[in-house]
Amino acid sequence: LILLYRFRRSGMEHVPRSGAVIFVANHQSNYDPAIVGSLVADRPFCGIARKGLFSSKILSWFLHQFGAIEINRGESDIKAIRLAVKELHVGGCVLLFPEGTRTPDGKMSEFKRGFWLLVKKTNAIIVPIGIDGAYDAWKIGSKPKWRGYIEAIAGSPISAESLIKMGEEDGSEFIRSTIEKLRQGCQENIEKRSK
């Protein structure tokens, strides 16, 4: 990422050193799990990935080595939610891309409900993460480019309790707008660097 895309990350000080954490990020490309992984460093996480990715034996083995949880995209997959809740109840971390799939146009899509279910069922800290440049580096349905700029920023932690007080609609929109502001910050940094 650093060599090919001049990758920069910031906000690592916002990642809690211990306790249950839900990392919530926008989803621009297949690079995103690695981008988040390098940002959160020594807080390994279970990612939630669509079931179709596990159809390849090699990719399935690779995903399982990193503790990925299979989910049927577009359905309310109770098994996947239970596994994620279990991970958070023992103080682990889970990565969510609440849009449910990579962006088709670089813009953030609406959040799926699974994000809110995890917030309600756990007392985890939510860390919002904005990513930009990854869409230009590897758009959905295309081959990756081998040069570009990618940035990621972790925002201030948010308690599940404060989101629940807002209610599902307002709480989800608050997280979504927070991630969008972080993404815009990344975009502005990339524009300055690429001139």
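## Ile126 and the nonpolar cores

In this predicted model, Ile126 touches Ile22, Val24, Val119, Ser156, Pro157, Ile158, Ser159, Ala160, Leu163 and Ile175, once residues up to four places away in sequence are set aside. Apart from the core to which Ile126 belongs, there lies another core, of 23 residues, which includes Tyr31, Val36, Cys93 and Leu95.

The largest nonpolar core has 27 residues, and those with the most contacts inside it are Ile22, Ile48, Phe115, Leu118, Ile126, Leu163 and Ile175. At least two residues of this core come from each of strand 2, strand 3, strand 4 (69–71), helix 4 (78–89), strand 5, helix 5, helix 7 (160–166) and helix 8 (168–193). Helix 4 gives the most to this core, supplying five residues.

## Aromatic pairs

Across the whole structure, a search finds five aromatic pairs. One of them is formed by Tyr5 and Tyr31, whose ring centres are 5.3 Å apart and whose planes stand at 55°, so the pair is tilted. Because Tyr5 lies in helix 1 (residues 2–5) and Tyr31 in the loop between strand 2 (21–25) and helix 2 (32–40), the pair ties together parts that are 26 residues apart in sequence. Tyr5 counts as buried at 2% relative accessibility, and Tyr31 is likewise buried, with a relative accessible area of 14%.

The rings of Phe23 and Phe45 have their centres 6.2 Å apart and their planes at 70°, so this pair is edge-to-face. Phe23 belongs to strand 2 and Phe45 to the loop between helix 2 and strand 3 (46–50), so that the pair links distant parts of the chain, 22 residues apart. Both Phe23 and Phe45 are buried.

Beyond the pairs, Tyr5, Tyr31 and Trp138 form one aromatic cluster. A further arrangement at a ring involves a charge: the charged end of Arg6 sits over the ring of Tyr149, at 4.5 Å from its centre.

## The loop between strand 5 and helix 5

Thr103 is placed in the loop between strand 5 (93–96) and helix 5 (114–121), and with 2% relative accessibility it counts as buried, the cut-off for that term being under 20% relative accessible area. Its side chain is joined to that of Asp105 by a polar contact of 3.1 Å. When neighbours within four places in sequence are left aside, Thr103 is in contact with His27, Gln28, Tyr135 and Ile140.

Thr101 is also in the loop between strand 5 and helix 5, but is partly exposed, with a relative accessible area of 31%. The C-alpha atoms of Thr101 and His27 are separated by 6.7 Å, although these residues are 74 apart along the chain.

With a relative accessible area of 74%, Leu3 is exposed, whereas Tyr5 counts as buried. The C-alpha atoms of Leu3 and Arg147 are separated by 8.7 Å, while the two residues are 144 residues apart along the chain.

Note on methods: Residues are numbered from 1 along each chain as its sequence is written. This is a predicted model: local features need pLDDT of at least 70, side-chain atom pairs count only at pLDDT 80 or more; totals for chains, interfaces and linings use all residues. Side-chain values use heavy atoms; hydrogens and water are left out. Helices (H or I, at least four residues) and strands (E, at least two) are DSSP runs, numbered from the N terminus. Buried means under 20% relative accessible area, exposed over 50%, partly exposed in between (1.4 Å probe, protein chains only). A polar contact is a pair of N or O atoms within 3.5 Å; within protein, one must be able to donate a hydrogen and the other to accept it, and residues adjacent in sequence count only if both atoms are side-chain atoms. Contact means heavy atoms within 4.5 Å. Rings of Phe, Tyr and Trp (its six-membered ring) pair if their centres lie within 6.5 Å; planes under 30 degrees apart count as stacked, over 60 as edge-to-face and the rest as tilted. A charge sits over a ring if NZ of Lys or CZ of Arg is within 6 Å of the ring centre and within 35 degrees of the ring normal. A nonpolar core is a set of buried Ala, Val, Leu, Ile, Met, Phe, Trp, Tyr and Cys residues joined through side-chain atoms within 4.5 Å.
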